[in-house]
Amino acid sequence: MSTLQLWRTPAEVRAWTAAARARGQRLALVPTMGFLHDGHLALMREGAARADAVAVSVFVNPAQFGPREDLSRYPRDVEGDLAKCASVGVAGVYLPDVATVYPPGYQTSVDLEALTTGLDGASRPGHFRGVATVVTKLLALFRPEVALFGEKDYQQLQVITRLNEDLELGVDIVGLPTVREEDGLARSSRNVYLDVDERRRATALSRGLFAASARAAAGEADAATLTRLIRVELEAAGAREDYVAVVDARSLAPLTALTPGVPARALVAAFFGGTRLIDNVPLLLRAP
Ligand code: AMP
């Protein structure tokens with residue numbers, strides 16, 4: 001197995017992508033904020049199945065954190081991340097520092113409209129501007145054939161799919177299902193913030209979502225009924241709800257009722273102690 005490359009600057013990335021293209025390789029990119037877990041590794045493995053070489057970026061992007069969010073304590077483990085990338089055959093890791101991505105004088109950002117007004121966009125002002133900007137920069141730098149993202153961050157996946165179309169970047173944007181712990185909790189770098197009791201209570205998120213998904217599959221169309229199933233679990237677990245929503249799976253517009261054959265999504269954000277977690281599931285109403 002060839003050794004993992006480490007790139008610190010755009011010039012180093014360009015030297016590698018040019019050489020890889022000259023060898024006729026198709027490239028996959030997996031953007032991350034590091035502290036890698038099985039969810040990230042699933043994206044890398046799928047990248048390897050869809051392309052000849054996989055690149056990973058590890059960048060804790062300050063632009064996507066609000067002033068009262070967890071930027072300064074976001075978990076980091078560069079050595080562990082590099083070992084995990086090597087273990088799944090990644091070709092190289094881009095590890096820029098903040099001043100490389102946003103040098104003095106930097107002033108360009110990417111903003112989306114309706115897709116970012118609700119859900120996490122409402123709770124985290126500026127978050128999706130930060131995400132859209134850094135992902136656009138990474139796609140423009142690597143110009144990968146394929147880029148892989150998790151459905152875990154469902155609104156983010158829709159934002160990236162949209163900006164790729166709107167800006168005609170021509171990347172194959174692939175979304176992969178959420179990788180979960182055995183008890184249903186979605187894998188997340190932020191799960192390390194949870195104490196033992198919060199970790200146990202956090203299963204309420206997936207329990208509520210799975211209940212809603214099962215009820216929709218059994219024929220329940222009413223969005224209020226479905227959101228109530230999720231809220232019951234959050235309340236029983238003593239979680240503080242940020243939002244619970246049933247939306248159209250593409251536009252993310254709120255729905256009052258599901259339509260047979262039309263993909264919908266249930267999304268939730270809630271606090272367990274000081275830790276904000278998100279999760280979501282597909283909703284597909286059984287055809288009558
Ligand atoms: P992050 O490092 O949290 O910014 O995530 C980097 C990428 O991994 C994003 O595309 C996430 O949606 C994806 N991801 C995070 N957690 C999971 C998970 N549990 N299952 C699948 N993908 C995930």
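This is a predicted model: local features need pLDDT of at least 70, side-chain atom pairs count only at pLDDT 80 or more; totals for chains, interfaces and linings use all residues.

Q: Okay, how many residues surround the ligand, and which are the closest?

A: The ligand is surrounded by 17 residues. The closest are Met-33, His-40, Asp-153, Val-179 and Arg-187.

Q: What does the polar side-chain atom of Asp-153 lie 2.6 Å from?

A: An oxygen atom of the ligand.

Q: And which atoms of Met-33 and Gly-150 lie 2.9 Å from an oxygen atom of the ligand?

A: Backbone ones. For Met-33, a backbone N or O atom sits 2.9 Å from a ligand oxygen. Gly-150 also has a backbone N or O atom at 2.9 Å from an oxygen atom of the ligand.

Q: How much of the ligand does the protein bury?

A: On its own the ligand exposes 480 Å², and 93% of that is buried by the protein.

Q: Which elements give two or more residues to the shell?

A: Those are β2 (27-32), α2 (38-50) and β5 (146-150). The largest share comes from α2, with three residues.

Q: How does the shell divide into nonpolar, polar and charged?

A: Seven of the shell residues are nonpolar, seven are polar and three are charged.

Q: Switching topic: what domains does the assignment give?

A: The domain assignment gives domain 1, covering 5-176, and domain 2, covering 189-281. Their C-alpha centres are 26 Å apart.

Q: How many residues does each domain put into the contact?

A: Domain 1 puts in 20 residues and domain 2 puts in 17.

Q: And what area is buried between domain 1 and domain 2?

A: About 1800 Å² is buried there, and carbon and sulfur atoms give 51% of it.

Q: One last thing, where is Asp-52?

A: Asp-52 is in the loop between α2 and β3 (53-58).

Q: Which residues does Asp-52 touch, leaving out those up to four places away in sequence?

A: With those left out, Asp-52 touches Gly-24, Gln-25 and Arg-26. The side chain of Asp-52 reaches the backbone nitrogen of Arg-26 at 2.7 Å.

Q: How far apart are Asp-52 and Leu-27, in sequence and in space?

A: In sequence, Asp-52 and Leu-27 are separated by 25 residues, while in space they are 6.0 Å apart, C-alpha to C-alpha.

Notes. Residues are numbered from 1 along each chain as its sequence is written. Side-chain values use heavy atoms; hydrogens and water are left out. A residue is near a molecule or strand if one of its heavy atoms lies within 4 Å of it. A polar contact is a pair of N or O atoms within 3.5 Å; within protein, one must be able to donate a hydrogen and the other to accept it, and residues adjacent in sequence count only if both atoms are side-chain atoms. Accessible areas come from the Shrake-Rupley method with a 1.4 Å probe; for residues, only the protein chains shown count as cover. Helices (H or I, at least four residues) and strands (E, at least two) are DSSP runs, numbered from the N terminus. Ala, Val, Leu, Ile, Met, Phe, Trp, Tyr, Cys and Pro count as nonpolar, Asp, Glu, Lys and Arg as charged, and the others, Gly among them, as polar. Domain bounds come from an automatic or database domain assignment. Contact means heavy atoms within 4.5 Å. Buried area is the accessible area (1.4 Å probe) that two parts lose on being put together, summed over both.
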